[in-house]
Amino acid sequence: MSQTQEKYVGQPVDRVEDAALLTGSAMFSDHLPTRIGTLHAAILRSPHAHAEIVSIDVSRAKAMPGVADVLTGEDLRDISDPFLIVLREPILQWALAVGKVRYVGEPVVLVIATDRYRAEDALSAIEVAYRTLKPAIDPEEAAAEGAPIVHEDVGSNVVSTRDFVYGDPDAAFAEADRTVRLKISYPRNSHTPIEGFVATVAYDPATESYDVQSNFQGPYSTHTVISKALRVSSSRLRMRTPNYSGGGFGVKVQVFPYIVLMGLASRVAGRPVKWIEDRLEHLTGATAAPNRIVSIEAAVKNDGTITGFRFDQLDDYGAFLRAPMPGPLYRMHGILTGAYDIKNLSVTNRLLLTNKCPSGMVRGFGGPQMYYAIERLVQRIAVELGLDHYEVIRKNLVPAGVFPYRAAAGALLDSGDYPAALEKAAREGRLEELRKRRDKARAEGRLYGIGYAAIVEPAQSNMGYLSNILPLAERQKNPKGGAVSNATVNIDPLGTVNVTADSIPQGQGHMTVLSQIVADNLGLEPTDIHVNLEHDTAKDAWSIATGNYSSRFTSSTAVAADRAAKKARAKLARIASQTLNVPPEDLEFGNGRIYAADNPDNSVNLYRVAGSAHWTPGNLPDDMEPGIREIGSWSPPELEPPNDKDQINSSLTYGFVFDFCGVEIDRDTGEVTIDKYVTMHDSGTLLNPKLAEGQVHGAFAWAVGCALYEEFAYGEDGSFLNGTFADYLVPTAWEVPEPQIVHMESPSLVTPLGAKGVGEGNCMSTPVCIANAVCDALGVENVTLPLSPNKVAALIHGEERPPPEGAEAPPAPKDAADNVIAGTGEAFVPAAQETVWAALLDPEKLAAVIPGCHSLDRAGEHAYRAEVSIGAGPVKGRFKATVALSDLDPPNAATLSGALTGLLGLSEGTGSVTLTPRDGGTALAYDYRIEVSGTVAAIGGRMIEGAARALVRQFFERLASVLAGGPAEAPEADAAAATWWQRLLAALGIGR
Amino acid sequence: MPQLSRDTRHAVSFTLNGKPAEGHAEPRMLLSDFLVHELGLTSVHVGCEHGVCGACTVRVDGAVSRACLTFAVQVDGKRVDTVESLSPEEGGLNELQKSFRKNHGLQCGYCTPGILMSLTAYLEENPKPGEAELRDMLSGHLCRCTGYVNIVRAVMEHVGKSA
């Protein structure tokens, strides 16, 4: 009988995770049990981008039913420290704002109550007085002299500037035939996991320790940031994470400030505290990849050879530099020359702070921004030299046969054959056909373009890369480099195999891959291996690199598990060798048995051998420890600290991705359609091709979003403008085409399994590939993402011309960055003009007419103060309103101005109304212009605008009804379950 | 329609996946919160709480509904089905679920139960959708992991097999 066991690594094995997920039994963070008596938190957030906190009155909130406590930043200062950051600059952030708010959505007050509903109720009873300051929003303005300063004690919004030079860039540029330049601006966006943050923290006063249950995803270097903020040693901060997380994409490291916040709340309240983030909070206040402005130059020869690059990078990290920032600049540092053989390089990195949400880890982590600059520039080089873009890429690639190859800034490219990969992609993806398709489309007058992008995809970060931000002398005092991973293989007395590890999975299928690896080592089936990836820092091995980020798994945790399994195998072989009388090295494992390689019939069941390590430890070889619980740990030696030339091997493995695509642009609407997309990946050895392809599909889909739809939009005043999934547009099944994937496998030389990263490449290659295609289609020099139809249409048709004299202007197209709502309308009230006029000046009548009005007091001549409730879409709240009438022309016309202030934000507006007698009644014509900020702005124009229109309409309906002697609520309004005013207020977040 | 008073927990009883279920809820309690936090269901996942992402999709008297846009008191006396209802009597996965596993139609799995509920209702009415129709229907759900390719493959293979 053949005992040869099938190998599972490299096979498209079905996932062991799926049964629980498909049947709904998998527990995500919100489903985990909490202790009886756990309190629930809600957070009051800043409606302003930049303001001093003048006063906070929480007395009413504290008295509300179910409320256990209310905390402000001042309460936290005494019991916690600001978050550690990489720079020695006074950029101090506590878990709640102290003194001043620096972005819309910044946590200001925390309420903890018996349930989430009551906690949220109490938010509306908190009164915060702000003195608003001019915000720093636009990155270049924020970096300039005289800009409003986000952190006064630093004195500048540019908090770090570092220059790096490799080779001799000055000579390269002096000797070049020409210099090609481009300036790019990469937008803010985020991968927005569908599950938001969840954190439950219990403080134990007896041991002065914190027990955290959250969907934190690492890196566990952040563990130190949390424990320092909480003022406890790291062993008194227990962090637990579950087996299942609803997507991470890097974003879930940023749950850490809330872990600190809930920890402190638990300490104050004496009970566990749980917080679940909602979508509005996530989009407004979780994190985003930094937006970046890059001025890039290439020294080129007329044949297309690139001899040098110069980068000037301005990276916008928002209001604080939270760990692990500024990773997006420095994680890519060693590979700043991309896929190209360029020896001369100079880089200036400037870190900028602005009044936006703090940036954080997001899939691609610096790659999308960097490659957008490089690959847009290479397209420009081709255009300016009149060469073929594909040929310019091919000409400059790192050649075959030179691996391992040290890139200018220090990356050690481990393996590959980039030119062969290019050719394979062109052949299998039928590039020639695509070119003909473009020619044909163009001959027919259609707008069609082809884009290319070649990138190197780094994986498994060197924990020392951030130290390159420090000058040589400083970083040499404490050199950092390496990346430790851990896994444990445990075989119990009955011979079943259990695996734990430090990967903190977010949906990639790590349990499956680990089961494949361990099964192969022990001659078992993957289904024989039970993998539990819940992680607990109090019990499991962990290190600073622990976690799930920067495509770490395949070259780290997977290797650690392989090492642990090999140790278990070696131990089993030694035990079995006593029984079988065969040297351990001559034993094979397969089909659950251990047998002599040259005589398979001489065999023993694996479970018996494992069992003997538990049942009869006395029979084990003398030096052998009892039981079988083997720990595999590893840190690749290639991950060294930065050297004295500032070179850093910032990642362990480097895959290669080459994409090309064809896009067609609708000449009328500017809509971009991806006609064909080919993506070629050399990710080393694929441990599970099915899962690898899944990673490519996922990265590609987000990249399509980045290219065409996704951007965190801020108004000039710093208002955040797209806080719902109706406004922050995530691509759906309708928008994402299926890419053609081409694979090549050049095993990595620096990891025992030969595997590289695969989940981030398209985040880096696809946005710029699509942008290059659009530039090719339109023949324009540059474009800025996302390529929304209005942006592209403006490139085709130019800016819209004003309408001809006398013609009515069509409604202006909504700009994503527009937080102004304007409209006009007419209403008819069946009452005499004088009566209507009198009603508008009568506070009692106004109170009855204004939808959602709780009270209305006179605040002066024709000026009123009111309290109103409004709700719109997902938000609702109570607002204070001030209304004043001016320019009175009785009984014909008046100007209204007013403001709404509430926890959901502010709105200020003006309007005018004119009254004309008609048909025995009065015709009213009105117009209004409302500027909104805070939450109200974040829920977006679409909801607000409709609600505003409805509210205004309802106001006049109610006016008509009141003047006719009827109830304030018109029947139609009842049917709609809300008056116009309620719906407006609802739109503004105030009503219920 | 009965008048419910706020701040009062009202009895709610209904049929959940074929079995009687009951609890108490204030009128404002969302069905999603009620199913997860009162009844302990782990299959209901909340993604946006404003009806766009589709992760919380369940069926109420057979109709596909967003649990985050439904109040718990609204299902009193009704039939609510979540993804647990899809398993065959002997347990395990039904054919559609198996096709999801085989085609790697899920990664983190957070959006998956909602998608399966919508698909189940949709396929009852449209047993043989074309890919374009299917993608149009799926556009009511957001998935951030899969790029939708393998979801589409899983469904198309499933409907092809049941031909």
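**Reading sheets, helix pairs and an interface**

Reader: How many bridges join strand 3 of chain B to strand 4 of chain B, and in which direction do the two strands run?

Author: Strands of a sheet pair through backbone hydrogen bonds, either parallel or antiparallel. Here strand 3 (residues 57-60) and strand 4 of chain B run antiparallel and are joined by 4 bridges. One such bridge links Thr57(B) with its partner Arg66(B) in strand 4 of chain B. Strands (E, at least two residues) and helices (H or I, at least four) are DSSP runs numbered from the N terminus, and two strands pair if DSSP finds at least two bridges between them. This is a predicted model, in which local features need pLDDT of at least 70 and side-chain atom pairs count only at pLDDT 80 or more, while totals for chains, interfaces and linings use all residues. Residues are numbered from 1 along each chain as its sequence is written, with chains lettered from A and ligands numbered from 1 in the order in which they are written.

Reader: In what order do the strands of this sheet of chain B stand, and which are at the edges?

Author: The open sheet has 5 strands in the order 2-1-5-3-4, and its pairing is mixed. Strand 2 (19-25) and strand 4 (63-66) of chain B have a single partner strand each, so one side of each lacks a neighbour in the sheet. From one strand to the next the twist averages 40°. Helix 3 (residues 112-125) of chain B packs on this sheet, touching strand 3 and strand 4 of chain B, and its direction makes about 40° with that of strand 3 of chain B.

Reader: What is the order of the strands in the open sheet of chain A?

Author: Its 4 strands follow the order 18-27-28-29, again with mixed pairing. At the edges are strand 18 (447-461) and strand 29 (740-744) of chain A; each has a single partner strand, so one side of each is left without a neighbour in the sheet. The twist here averages 15° from one strand to the next. Strand 28 (residues 672-682) and strand 29 of chain A run parallel and share 5 bridges, and Thr679(A) stands opposite Ile741(A).

Reader: How do helix 16 and helix 17 of chain A lie against each other?

Author: Two packed helices are described by the angle between their axes and the distance between the axes. The axes of helix 16 (residues 510-522) and helix 17 (residues 557-580) of chain A come within 9 Å and cross at roughly 25° (axes are lines fitted to C-alpha atoms, for helices over the stretch in contact, and angles run from 0 to 180 degrees between N-to-C directions). These two helices of chain A are therefore roughly parallel, a word used for angles under 35 degrees. Their contact includes Val513(A) and Ile517(A) of helix 16 and Ala561(A) and Ala565(A) of helix 17 (C-beta atoms, placed from the backbone, within 7 Å).

Reader: What are the angle and the axis distance for helix 11 and helix 20 of chain A?

Author: Helix 11 (residues 367-385) and helix 20 of chain A pack at about 35°, with axes 8 Å apart. Among the residues in contact are Tyr371(A) and Tyr372(A) of helix 11 and Val768(A) and Ala771(A) of helix 20.

Reader: How many residues of each chain are in contact with the other chain?

Author: In chain A 49 residues are in contact with 43 residues of chain B. Helix 19 of chain A supplies the largest share of the side of chain A that touches chain B, 8 residues. For the complex the predictor gives an ipTM of 0.98 and a pTM of 0.92.

Technical notes
Parallel < 35°, antiparallel > 145°, perpendicular 65-115°, else oblique. Contact = placed C-beta atoms within 7 Å.
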